[in-house]
Amino acid sequence: MEQDLIIYVIELLGTFAFAISGIRHAAAKHFDWFGGYVCGVAVAIGGGTIRDVMLGVTPFWMTTPIYLICTGVALLTVVFFGKWMEPLKNAWFVFDTLGLALFTIAGIQKSLALGQPFWVAIIMGCITGSAGGVIRDVLLNNEPVIFHKEIYAMACVLGGVVYWLMVEIGTSAEVSAIVSFFVTCIIRFLAVRYHISLPVLNEEKNNTKYA
């Protein structure tokens, strides 16, 4: 029961953080309120929906309307307080990172609660955290951020590995979640701050001429 409550609270916080991130991107494209809400919903529930379908359970947002309501609250927050938040140049990036970390943990914990092994849980955490952003970027006709060279999905994976290591040494789920959350956020923040990235694939040019 306590584990279910933790997952529920994390999913609500992640929904709000990701919804604000999605709505902000929609605002940058000058979408109307409905378009902003759709983008907010897409990024907030997209990853969790894919996760739940893969795990064979009812998608989390179909069990209660609170997640759609939470996205509505996020929309109103951006509409009425956006002008005060806008001067905080890093506020939107922070919301996106918080959502990434929270949903990663939610995906891991839900997968483990359903009896999945840790390697599956880490993958589900990565999907939960990053797939919504892919859907958002497709809707906005942007290149998905996970295909950029900057650290994004890898932060989810590393955060998931830390969660697994914490549990392996006997740490409680609550403490493991907190440590994993901060590790995921710190990795993302440091990667952007110091331009840390994975190696880029470069196609070798073939200058061979054919007759």
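Let's start with the surface. The accessible surface of this chain comes to about 11500 Å². Of that, 69% belongs to carbon and sulfur atoms. Keep in mind that this is a predicted model. As for the interior, 46% of the 211 residues count as buried.

Now the overall build. There are 7 helices and 0 strands. From the N terminus on, the order is simply α-α-α-α-α-α-α. The radius of gyration is 18 Å, close to the 17 Å that the globule rule gives for 211 residues, so the chain is as compact as a globular protein of that length. The C-alpha atoms fill a box of roughly 70 × 45 × 35 Å along the principal axes.

On to the core. The largest nonpolar core has 13 residues. Those with the most contacts inside it are I10, I105, I108, Y163 and F181. Which elements give two or more residues to this core? They are α1 (2–28), α4 (91–113), α5 (118–139) and α7 (173–193). The most comes from α4, with 5 residues. In soluble globular proteins generally, nonpolar side chains tend to be buried together.

Look at I10 as one example. Beyond its sequence neighbours up to four places away, I10 touches L102, F103, I105, A106 and Q109.

Next, L100. This residue sits in helix α4. Is L100 buried or exposed? L100 is buried, because its relative accessible area is 0%. Outside the four places on either side in sequence, L100 touches F18, G129, S130, Y152, A155, C156 and R188. Here is a distance to go with that. L100 and G132 are 32 residues apart in sequence, yet 9.4 Å apart in space, C-alpha to C-alpha.

R188 takes us to α7. That helix has 21 residues. From first C-alpha to last, α7 reaches 30 Å, close to the 30 Å expected at 1.5 Å a residue. The buried residues of α7 are S176, A177, S180, F181, T184, C185, R188 and A191. Why do they fall on the same side of α7? Because they cover an arc of only 155° around the axis. Just after α7, H195 takes a positive phi of about 55°.

Now an arginine, R51. It lies in helix α2, residues 33–55. At 1% relative accessibility, R51 counts as buried, because the cut-off for buried is under 20%. What is R51 in contact with, leaving aside neighbours within four places in sequence? The list is E11, F60, A106, G107, K110, M124, I127 and T128.

Last residue: F80. Its place is in helix α3, residues 66–85. F80 has 49% relative accessibility, so it counts as partly exposed. The cut-off matters for that call, because exposed means over 50%. F80 and E203 are 123 residues apart in sequence and 47 Å apart in space, C-alpha to C-alpha.

F80, in α3, is partly exposed at 49%.

Methods:
Residues numbered from 1 in each chain as written. Predicted model: local features only at pLDDT ≥ 70, side-chain atom pairs only at ≥ 80, totals over all residues. Heavy atoms only, no water. Core = buried A, V, L, I, M, F, W, Y, C linked by side-chain atoms within 4.5 Å. Buried < 20%, exposed > 50% of the residue type's maximum accessible area, 1.4 Å probe, protein only. Helix = DSSP H or I, 4+ residues; strand = E, 2+ residues; numbered from the N terminus. Contact = heavy atoms within 4.5 Å. Expected span 1.5 Å × (residues − 1). Arc of directions from axis to C-beta. Rg over C-alpha atoms; globule rule 2.2 N^0.38 Å. Areas by Shrake-Rupley, 256 points an atom, 1.4 Å probe, with all protein chains shown as cover.
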